[in-house]
Amino acid sequence: MLAYPAQPSPVAYCGTSHRVNDEHTVCQVAVSLSVANDQASLPIAWRLYLPQDWAADKKRRTVAGVPEDIVFATKPAIALGQIRQALADRVPVGIVLGDAGYGVETDFRVSLRGLGLSYALGVKSSTGVWAPGTAPLPPLPYSGRGRQPTRLRRNEEHKPVSTLQLAMSLPASAWRRVSWREGSRGDLASRFAALRVRPAHGDTQRSEPWPEEWLLIEWPRGEAEPTRYWLSNLGPTTRLAKLVRTAKARWLIERDYEELKQEIGLDHYEGRGWRGFHHHASLCIAAYGFLVAERCLFPPRRRFIRERIETPVLPRGFRPRGAAHPA
C-alpha cells in the first residue's frame, strides 16, 4: 500500500492506466496497486478492467479468453481486492493513496477503515461534507406510535456543503504555504488548508454520523478557486505539513508509471487477449523491478556527490601553471 515515509517505508497507491489505439478502436483500462517508499515504487498488482456490458458478453469473453471466474467489478472493488491480497501476502502496510476516482466512493473508504488502514484519497469539488462543528440532525423523537425513528436528518436550513463551498468560505488566515519536496527548480510549494469534517454521503440512511476526517484543500496562488481536495483518516493531531507530504507522495508513482510506459513499453500492447495483456504487463513490471533493484545499489545522487566527490583542498602555496602568483 502507499504510504509517505518520513523514514523509508512502504506505501500503496491505487491507480488506473489507460491504453487507447485509435486505428483498431481498442481501449484498455487496468487497475493497479503499487508499493513505494521515498526512493522508488513498483506495481504489485495489475488487472484489466472489464466494463459491465463487456463482462456480460459471452462471445467477446470467449474470443478474448477471459477466465470464467472473472465477473464485472468496479475499479474501486478491484483495487480493494488487490489491497486485501497484499495484506494476506504480508506486504508491509502504509498509507493508501488514490485519486478522486477512488476517494469519492464511500464504500471504498469505509472498507479501508475496516481493514485498519490509513488513507489520503482525492475527492471532487462537489463532494458533500459537514463543515467543522456541524453534523446531521439526530433522529426524530419517538412519538410513541409505530416504529421508533433511527435515521439521521437534514433540512434546507441544516444541510452539508460541497468541498468547494467550504473552501471558498474560509478566511485568508486559514491558508498556509507548505513545501512538500524539492523540484528541479527549487522547492515545490503551494497554499493549503486543512479542516476536520464529516463526510455527508448517505448519512440519512444511518443512525450515527460518519467519523470526522481531514479535508485537505490546495489553492495555488493566482488560481480563481482551489484545485485539489483530499479526505484522510490520519489522526486528529496530524500536522498540516505531514498531510500535504502524504497526499503529494503520489507524484513518485505517477513518475514511475511514465517511465514504465516510455522506457519499458508498458502501454505498447495492442492485442485483445486477457492472457496476453497480463503477460505483457508482468514482463514489463519484472523488468522495471530489476532496474529499481539495481538503482538501489547506488546511494542517492546528492549524498554521493557530497560525500564521495568532494573538491580536494589545494596545498599551501600551490601555483597554477602559468600563474604569476599562488592561488
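The structure is a predicted model in which local features require pLDDT of at least 70 and side-chain atom pairs count only at pLDDT 80 or more, while totals for chains, interfaces and linings use all residues. Residues are numbered from 1 along each chain as its sequence is written, and side-chain values use heavy atoms, with hydrogens and water left out.

The chain holds 10 helices and 11 strands, taken as DSSP runs numbered from the N terminus (helices H or I, at least four residues; strands E, at least two). Of its 327 residues, 40% count as buried; here buried means under 20% relative accessible area, exposed over 50%, and partly exposed in between, with a 1.4 Å probe and protein chains only. Among contacts (heavy atoms within 4.5 Å) with a separation of 6 or more, 58% join residues 24 or more positions apart.

Helix 8 (residues 250–264) and helix 9 (residues 274–295) have axes that come within 11 Å and cross at roughly 115°. Helix 8 is therefore roughly perpendicular to helix 9. Axes are lines fitted to C-alpha atoms, for helices over the stretch in contact, and angles run from 0 to 180 degrees between N-to-C directions. Angles under 35 degrees count as roughly parallel, over 145 as roughly antiparallel, 65 to 115 as roughly perpendicular, and the rest as oblique. The crossing of helix 8 with helix 9 is right-handed, meaning that the near helix is turned clockwise from the far one by less than a right angle, with anticlockwise giving left-handed. On the helix 8 side the contact involves Asp256, Glu259, Leu260 and Ile264, and on the helix 9 side Cys284, Ile285, Ala287, Tyr288, Leu291 and Arg295. By class, seven of these residues are nonpolar, none is polar and three are charged. In this scheme Ala, Val, Leu, Ile, Met, Phe, Trp, Tyr, Cys and Pro are nonpolar, Asp, Glu, Lys and Arg are charged, and the others, Gly among them, are polar.

Cysteine 284, which takes part in the helix 8 and helix 9 contact, is buried at 6% relative accessibility. Cysteine 296, by contrast, is exposed at 54%. A search of the whole structure finds zero disulfides, a disulfide being a pair of cysteine sulfur atoms within 2.5 Å.

Lysine 248 lies in helix 7 (residues 240–248). Its relative accessible area is 13%, so lysine 248 counts as buried. Not counting residues up to four places away in sequence, lysine 248 touches Trp180, Phe192, Glu218, Arg228 and Trp230.

Arginine 60 belongs to helix 2 (residues 58–64) and is partly exposed, with 33% relative accessibility. Beyond its neighbours within four places in sequence, arginine 60 is in contact with Asp53 and Trp54. The C-alpha atoms of arginine 60 and arginine 272 are separated by 9.8 Å, although the two residues are 212 residues apart along the chain.

Glycine 81 sits in helix 3 (residues 75–88) and is partly exposed at a relative accessible area of 35%. Arginine 90 is found in the loop between helix 3 and strand 4 (96–98). The phi angle of arginine 90 is near 65°, a positive value in a residue other than glycine. With 76% relative accessibility, arginine 90 is exposed.
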